[in-house]
Amino acid sequence: MLDEATIADIADELVEAGKSRIPVPRLTQRYPEMTVEDSYRVQRLWRERGESAGRVLGGHKIGLTSKAMQYATGITEPDYGVIFKDMILENGCTVDWKQYSHPRVEVELAFLLKEDISGPDATLFDVLRATEYVVPALEILDSRIEMEGRTIVDTISDNAAMGAMVVGGTPVRPDDVDLRWVAAILFKNQTIEETGVAAGVLNHPAQGVSWLANKIAPHGDTLKAGELILAGSFTRPMWVNAGDTVFADYGKLGTITCQFR
């Protein structure tokens with residue numbers, strides 16, 4: 001494990017990379033002994049740096065929960081990160097492409113909690129009982145660490161590559177629709193780039209939320225009422241450039257769009 005001074009140095013590097021938009025060299029190349037636990041220590045300190053600067057926690061994200069994402073990244077286990085409220089964008093927004101490094105877009109469902117969820121034995125049914133609404137969302141991935149050769153340790157340290165999320169479409173109560181069969185079509189500039197079904201996320205997107213509640217329990221953390229939880233992508237990430245328009249059609253759950261300038 002890395003010492004506290006090294007963890008602090010890495011967290012500070014990532015804070016600066018978020019401001020400069022210049023990704024830092026891959027951590028696992030510089031610290032080959034770095035562990036998954038080290039990476040979550042970096043992430044927690046990065047979060048504390050953000051909160052000290054006035055950022056407010058709005059929820060959590062779960063990543064790499066589908067085979068589509070695992071095949072796309074070469075990483076075979078889920079991870080998680082935090083969502084600050086300033087990362088949550090409205091449907092139809094215009095996004096400054098230069099604000100992110102190597103931005104990509106994913107199709108997901110987000111769970112708005114009305115009750116706390118605590119591990120270590122949280123189940124899918126606990127998640128459904130604790131959820132007020134499920135809503136379509138697009139995640140914008142960011143990279144504060146160089147992408148070539150990244151491992152799960154680099155990705156976790158990088159707050160699971162969370163950049164921002166766009167929330168839109170039609171919120172539904174979790175028992176009003178079979179969440180496994182929610183499907184989406186992802187367009188870029190009027191061309192279909194990706195399609196997927198939410199069952200690709202651990203067979204049910206709520207399983208991602210219960211996995212997260214159980215994963216953070218050993219650290220004394222719980223998922224809180226009022227938080228928005230991104231359950232994980234059920235498509236591969238789609239690269240975007242300045243000038244691109246992104247549109248996602250979720251059928252009965254409506255549509256989301258954003259434009260990168």
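Predicted model: local features only at pLDDT ≥ 70, side-chain atom pairs only at ≥ 80, totals over all residues.

Me: Which peptide bond is cis, and where is the proline placed?

Reply: Most peptide bonds are trans. The bond from G119 to P120 is cis, with omega near 15°. P120 belongs to the loop between β5 (104-113) and α5 (124-130).

Me: And which residue other than glycine has a positive phi?

Reply: Most residues other than glycine have a negative phi. N159 has a positive phi of about 55° although it is not a glycine, and A160 likewise has a positive phi of about 55° without being a glycine. The loop between α6 (152-157) and β7 (162-167) holds N159, and A160 is placed in the loop between α6 and β7 too.

Me: Is N159 buried or exposed?

Reply: The cut-off for buried is under 20% relative accessible area. N159 is buried because its relative accessible area is 0%. A160 has 3% relative accessibility, so A160 counts as buried as well.

Me: Next, the strands. How many bridges join β5 to β6?

Reply: In a regular strand the side chains alternate between the two faces of the sheet. Here β5 and β6 run antiparallel and are joined by 10 bridges.

Me: In what sense do β6 and β7 pair, parallel or antiparallel?

Reply: β6 and β7 pair in the antiparallel sense, over five bridges. Among the positions to check is E139, whose bridge partner in β7 is M165. Nine of the 11 residues of β6 are buried, so β6 is largely enclosed by the rest of the structure.

Me: What does the UniProt annotation cover?

Reply: The unreviewed UniProt entry carries the annotation "domain: Fumarylacetoacetase-like C-terminal" for residues 85-260. In the model, the end C-alpha atoms of residues 85-260 lie 20 Å apart, and the span is 14% helix and 35% strand.

Me: Last, the rings. How many aromatic pairs does a search of the whole structure find?

Reply: A search of the whole structure finds four aromatic pairs. One involves W46 and F84: their ring centres are 5.8 Å apart and their planes are at 40°, so the pair is tilted. W46 lies in helix α3 (residues 36-52) and F84 in strand β2 (residues 79-84), so the pair ties together parts that are 38 residues apart in sequence. W46 is buried, with a relative accessible area of 7%, and F84 is buried, with 0%.

Me: Which residues form one aromatic cluster?

Reply: Y40, Y80 and W211 form one aromatic cluster.

Me: And where does the charged end of R104 sit?

Reply: The charged end of R104 sits over the ring of W239, 5.4 Å from its centre. R104 is also one of the residues that D142 touches.

Key: Residues numbered from 1 in each chain as written. Heavy atoms only, no water. Helix = DSSP H or I, 4+ residues; strand = E, 2+ residues; numbered from the N terminus. Buried < 20%, exposed > 50% of the residue type's maximum accessible area, 1.4 Å probe, protein only. Contact = heavy atoms within 4.5 Å. Pairing = 2+ DSSP bridges. UniProt positions renumbered as here; feature names shortened; annotations may be inferred. Phe/Tyr/Trp six-rings, centres within 6.5 Å; stacked < 30°, edge-to-face > 60°. Lys NZ or Arg CZ within 6 Å of the ring centre and 35° of its normal. Lists of a residue's contacts leave out its neighbours within four places in sequence.
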